[in-house]
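The following exercises are to be worked through with the sequence and the structure at hand. Each task is followed by a solution in steps.

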Amino acid sequence: MATSLFGRDILDVQSISDEEVRLIMDTAARYERAMDNGGRLLNMSGRTLATLFYEPSTRTRLSFEVAMLRLGGTVISVADGQVSSSAKKGETLYDTGKMMESYADVTVIRHPVTGSAAELAAGSSKPVINGGDGAGQHPTQALLDLYTIIKEQGKVEGLTICLAGDLKNGRTVHSGAALLARMGVNFIFTAPDALAMPDKITKDLIAAGIKVDVIPDLDEAVAKSDVLYMTRIQQERFDDPAEYERLKTSFEVTNDTVKKAKKNMTIMHPLPRVTEIKVEVDDYKGAAYFRQAANGVPVRMALLSLVTGCE
Amino acid sequence: MATSLFGRDILDVQSISDEEVRLIMDTAARYERAMDNGGRLLNMSGRTLATLFYEPSTRTRLSFEVAMLRLGGTVISVADGQVSSSAKKGETLYDTGKMMESYADVTVIRHPVTGSAAELAAGSSKPVINGGDGAGQHPTQALLDLYTIIKEQGKVEGLTICLAGDLKNGRTVHSGAALLARMGVNFIFTAPDALAMPDKITKDLIAAGIKVDVIPDLDEAVAKSDVLYMTRIQQERFDDPAEYERLKTSFEVTNDTVKKAKKNMTIMHPLPRVTEIKVEVDDYKGAAYFRQAANGVPVRMALLSLVTGCE
Amino acid sequence: MATSLFGRDILDVQSISDEEVRLIMDTAARYERAMDNGGRLLNMSGRTLATLFYEPSTRTRLSFEVAMLRLGGTVISVADGQVSSSAKKGETLYDTGKMMESYADVTVIRHPVTGSAAELAAGSSKPVINGGDGAGQHPTQALLDLYTIIKEQGKVEGLTICLAGDLKNGRTVHSGAALLARMGVNFIFTAPDALAMPDKITKDLIAAGIKVDVIPDLDEAVAKSDVLYMTRIQQERFDDPAEYERLKTSFEVTNDTVKKAKKNMTIMHPLPRVTEIKVEVDDYKGAAYFRQAANGVPVRMALLSLVTGCE
């Protein structure tokens, strides 16, 4: 039987099989070619996407909405769930899921609390896609990151990928590491002590036979990396502002960093960036973070159409 | 001449004739069948709905927007009028109505102040639909409730309908009671003393020849009811938190409540619910509240298309 | 070579040539006729507009969105940028521009800080339209105002135009004056001393050979004006509430004002109005402010389609 994601929720990367990951990558690539050729896609004509965002995220919300519109579908949206939704009246996400199944063919939820996407999915007979829930998962980011690596580097297996910045709190790096580990990469973890990758994740990766090096120095790390995946270090994670200022500077990618890097290194970032990648780096050929953001559209087109059977 | 709602504002249930109510019910049923058959409707292709929400209401807003999209139309929206609209600059709703008539073919307004929908309608030469204004009216909820009762019970005339919970403050039950009264139902009112149906409404109903029983005990009431219409008891209505806790518990629908109910009783709720209907009740065959929410779509499709002459 | 705005940002009125202004006026008039004839336009089918509003503006945002929808295009929106966007995380508008170029064919931005539209445009390879930035420019308002004057008066050259109210803080009057000056009008400036037109603007106009009369009295001014362009006097501009109350009254247009006006005077206002034009004036034949708001749609249709090459 052919692989299919029809009717499926996309809640985490663990529940997507390798074969399904390939299907998503292939479908996204097909949509990207179709758009490059200027074709109009109408796969989701007559279908409706609901975006429920209980936490601000311009990039994730807009890229899902654009993905739906480019497939000929329509969108309904709660852009600021905290302020304007029934959540204020105490409705459970289970009940919200029951409502959404009447209104939309597929729902994307972003929520500050881990497990929220699963709760919504429990209520809804229609597919739910997790657009990021708390410190939990952000599976569509992990998939578009994988898509970007394959596009930029031509492959993923055997690459050395440096995850740098805040590895403790980032759902993006946690989801991403879990997915990339299955693709046969080697990891370098580059973070301040206070923001190191949680021990459990590191140990699980090593137990699974993944090569993991912990290299706190960014310059040393980039010399060995095919992909540098930067994340933002947030001031609010630090009790001591001076400590934040000190660390921030040692985790900034500049033209000097790039000079020390391995040839053809790809630089990625989930965005928004603040100061962790200097604007001067944007001109570097391997600076892929804006292309990465753009890749969110075909990957999300693939997901929306696959779970609704419209691919 | 055939009944028509073309060009009409939908501000309250009183100004909709019985014949017009039938037209709305029939049109909604026709759309529901068309959607069940998988047909694409394009009745409102090229038309635009504006949703102006000066008070949060996910369910009402999204169901109107979905209704418009399913008819092939487009939507513009002010989802959080308090925060982001010209209202902050002191514009009257009359002037806002003048603006909306240039932008949209039909406008839905939700507002915390009674009479707001009428003020907007006074400014607009295009139809305005009241999506709930203050303690005033919520006519589209009343219409979808009627549609639900007819679908669930096969008829409405002669049924005994128990309105339970907060009967004092709920615009839903006030609009609903006014419409149902005309359909030949009998009422049971079940509420804590502090939240009883306003005397004027009860007296007017009795004066109009409607049978009204006031039965404060929920178990006793359900034994005699064909339809139980629950509403939420809001903590903020009570000065004494202990009083709220006590009453809340005696107005909760549980599996025990259902066991004491009349056979085939339909349970409705405008949603969102908090604790007034336990999740365990969701599996009861007559638990119609989620179907009721879904019925909002065809009923609102009927209203949008009828007032614009696109039915 | 024919005049074209293809690929252009619309950041201010200064960078639009007279020939380009005529192209915008002609294109808007063509769309208005097409809509009056009931035709469906599909010029922007398959294209997407992004509206990024970091400051509330119902009228500007909705009229752009309606313009896009009437051309057959689709819309993605950040209606309340302060609350719900990546701006909270410290992203620059340059980076936001990089994001938008992947998602939309054209972006409209409203922002409280002067220069924001240019910053977004620097990041985006796709056209950006300034929907008002701080005390800076509001070029699409200036263009729709010009369109309105031509429609109402049959011409613009040689007309005497009275700008009245708050001439100090209004970006609308500053953009508008700059554009109208090039069209050969004469100005009357009518404002309280505290809210007078900035000296630099007045001197520049006079240096450019424009006739400018400063007439503080509204009745005296309207007797000589073909167009009265009122703006709102905002209470927050005054330290002394009593001063505000006094001035507010002397800058109110009433039926008495209209009696003293030149024959066929056109009254305009960017809206929203509060008390500066009494509702009684709405019935005056030359009261054009609601028609002016409606003209925003064809003018914005012209801009959206011209910059994307879809006209």
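**Exercise 1: A covered strand**

Strand β5 (residues 160–164) of chain C is mostly covered, with four of its five residues buried. Strands and helices here are DSSP runs, numbered from the N terminus: E of at least two residues for strands, H or I of at least four for helices. A residue is buried if 20 or more other C-beta atoms lie within 10 Å of its own, exposed if 12 or fewer, and partly exposed in between, with C-beta atoms placed from the backbone. The model is a predicted one, in which local features need pLDDT of at least 70 and side-chain atom pairs count only at pLDDT 80 or more, while totals for chains, interfaces and linings use all residues. Residues are numbered from 1 along each chain as its sequence is written, and chains are lettered from A and ligands numbered from 1 in the order in which they are written.

Task: Determine which strand of chain C pairs with β5(C), and in which sense.

Solution. 
1. Two strands pair if DSSP finds at least two bridges between them.
2. β5(C) is joined to strand β6 (residues 186–190) of chain C by five bridges, in the parallel sense.
3. Within this pair, Leu163(C) has Phe189(C) of β6(C) as its bridge partner.

**Exercise 2: The five-stranded sheet of chain A**

Task: State the order of the strands in the open sheet of five strands in chain A, and identify its edge strands.

Solution. 
1. The order is β7-β6-β5-β8-β9, and the pairing is parallel.
2. β7 (212–214) and β9 (266–268) of chain A are the edge strands, since each pairs on one side only.
3. From one strand to the next, the twist averages 20 degrees; axes are lines fitted to C-alpha atoms, for helices over the stretch in contact, and angles run from 0 to 180 degrees between N-to-C directions.
4. Inside the sheet, β5 (residues 160–164) and β6 (residues 186–190) of chain A run parallel and are joined by five bridges. Leu163(A) has Phe189(A) in β6(A) as its bridge partner.

**Exercise 3: Contacts between domains and chains**

Task: Describe how domain 1 and domain 2 of chain A meet, and then how chain A meets chain C.

Solution. 
1. Chain A is divided into domain 1 (41–137) and domain 2 (140–293), with bounds from an automatic or database domain assignment.
2. Seven residues of domain 1 of chain A contact six residues of domain 2 of chain A. Strand β4 (residues 128–133) of chain A gives the largest share of the domain 1 side, three residues.
3. Between the chains, 20 residues of chain A and 20 residues of chain C take part in the contact. α2 (58–70) and α12 (289–307) of chain A each give two or more residues to the side of chain A that touches chain C, and α2(A) gives the most, with seven residues.
4. That side of chain A has 13 nonpolar, two polar and five charged residues. Ala, Val, Leu, Ile, Met, Phe, Trp, Tyr, Cys and Pro count as nonpolar, Asp, Glu, Lys and Arg as charged, and the others, Gly among them, as polar.

Note on methods
Two residues are in contact if their C-beta atoms, placed from the backbone, lie within 7 Å.
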